[in-house]
Amino acid sequence: MKLHIAVLSGDGIGPEVTSEAIKVLKAIAVEFDHSFKFTEALVGASAIDKTGNPLPNETLDVCKSSDAVLFGAIGDPKYDNDPSAKVRPEQGLLKLRKELGLFANIRPVKAYDTLLEKSPLKEEIIKGTDISIYRELTGGIYFGEKKLNEEGTVASDLCVYSKAEIERIAHLAFKAAQSRRKKVTLVDKANVLESSRLWRKVVTELATEYPDITLDFLFVDNAAMQLILNPKQFDVILTENMFGDIISDEASVIGGSIGLLASASVGGEIGLFEPIHGSFPEGTGKGIANPIASILSAAMLLEHFGLTKEAASIHKAVEKSLELDISTPDLNRNGNPITTQKLGDFIEDYILNPEDSNMNFTNIHLGQSTII
Ligand code: IPM
Ligand code: MN
């Protein structure tokens with residue numbers, strides 16, 4: 001398959017983790033005989049620094065003429081600490097989601113057996129967790145009218161949803177549940193918010209088209225608690241934009257590190273694939289960022305194009321690294337963490353030579369073998 005991939009690596013650790021994902025995609029291209037072409041473009045704080053715009057037109061053009069977008073991370077503390085900043089890195093990502101019509105953000109959350117001890121939650125609670133979060137991505141409070149009065153003393157953000165916006169993501173969530181454990185949980189705040197009451201009504205009506213799926217409801221406050229009390233009760237979680245943003249960060253605790261959580265944003269012609277973590281400015285340039293979330297986002301990109309064997313090969317290599325504890329500091333258990341780049345090297349090499357088995361296995365795949 002020929003794929004043209006726009007690479008928007010962004011800020012902070014974004015470029016470091018994204019280069020590892022590209023390395024892995026190149027290995028997949030070699031191993032499975034595909035041709036992937038990568039075109040880089042600016043986004044976020046680095047784009048503001050160079051052009052004054054967090055999503056320059058040129059970047060949008062590159063994305064629109066590609067098959068998919070591989071996204072890194074955006075954000076810079078100099079904007080976080082300045083509430084008066086008019087131009088912000090995040091605007092680049094929000095505009096891109098809107099422009100590409102990416103209304104569904106899919107965030108898989110899995111407890112890897114080898115990492116159970118890394119989570120602050122008890123093993124018996126998280127073992128076996130396998131959730132797919134469907135977060136609405138182009139509506140709600142993120143995109144409603146924003147107001148600030150002239151004195152700067154009163155502000156508001158409007159949360160608006162239409163039936164059509166709810167239906168289109170709900171269909172995707174129900175369909176996903178059909179090939180999983182056949183349960184959808186709608187997370188909302190229908191006891192307080194009118195917009196949530198619309199979600200309940202629309203999703204309940206739509207559920208009649210999916211008689212094989214069990215639909216249940218949770219208020220978001222309770223869902224936040226249930227997620228860490230008993231995460232195994234969830235299969236597909238369907239929710240609006242901001243609730244999904246919050247509970248997916250919370251859910252990352254189950255996997256042991258936010259550095260593992262990948263995501264796919266779909267809905268339009270061109271999908272966007274990005275780790276859920278931020279730009280981790282404190283970690284920038286230190287080689288300590290975990291590239292797995294970015295690498296697994298690349299696997300989601302391949303799955304999106306039906307390249308399931310290829311995606312499985314990435315998953316296998318990632319799981320091998322976790323099993324052997326070839327890991328960055330966030331996950332390391334053996335006291336010898338490796339760098340972002342070395343972890344990418346291992347995964348790349350495992351994809352190219354999966355059959356290697358040797359006493360020196362770890363070193364071979366890290367390119368440190370003494371055997372020539
Ligand atoms: C995410 C991020 C973004 C969001 C920010 C960077 C705008 O936190 O993708 O979850 O809130 O959607
Ligand atoms: Mn977020």
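Predicted model: local features only at pLDDT ≥ 70, side-chain atom pairs only at ≥ 80, totals over all residues.
**Notes on the ligand site and the domain interface**

1. Residues are numbered from 1 along each chain as its sequence is written, ligands from 1 in the order written, and side-chain values use heavy atoms, without hydrogens and water.

2. The distance is 2.5 Å for Tyr-142, 2.7 Å for Arg-97 and 2.8 Å for Arg-135.

3. The domain assignment (automatic or from a database) gives domain 1 as 1-103 + 267-372 and domain 2 as 106-257. Their centres, over C-alpha atoms, are 24 Å apart.

4. Across the interface, 16 residues of domain 1 meet 22 of domain 2 (contact: heavy atoms within 4.5 Å). About 1,800 Å² is buried between the two domains, 66% of it on carbon and sulfur atoms (accessible area lost on being put together, 1.4 Å probe, summed over both parts).

5. The domains share 1 salt bridge (side-chain nitrogen of Lys or Arg within 4 Å of a carboxyl oxygen of Asp or Glu). Lys-110 and Glu-319 form a salt bridge, with their closest N and O atoms 3.7 Å apart. On the domain 1 side, helices H5 (89-99), H11 (292-304) and H12 (308-323) each supply at least two of the residues touching domain 2 (helices are DSSP runs of H or I, at least four residues).

Note on methods
Polar contact = N/O pair within 3.5 Å; in protein donor to acceptor, adjacent residues only side chain to side chain.
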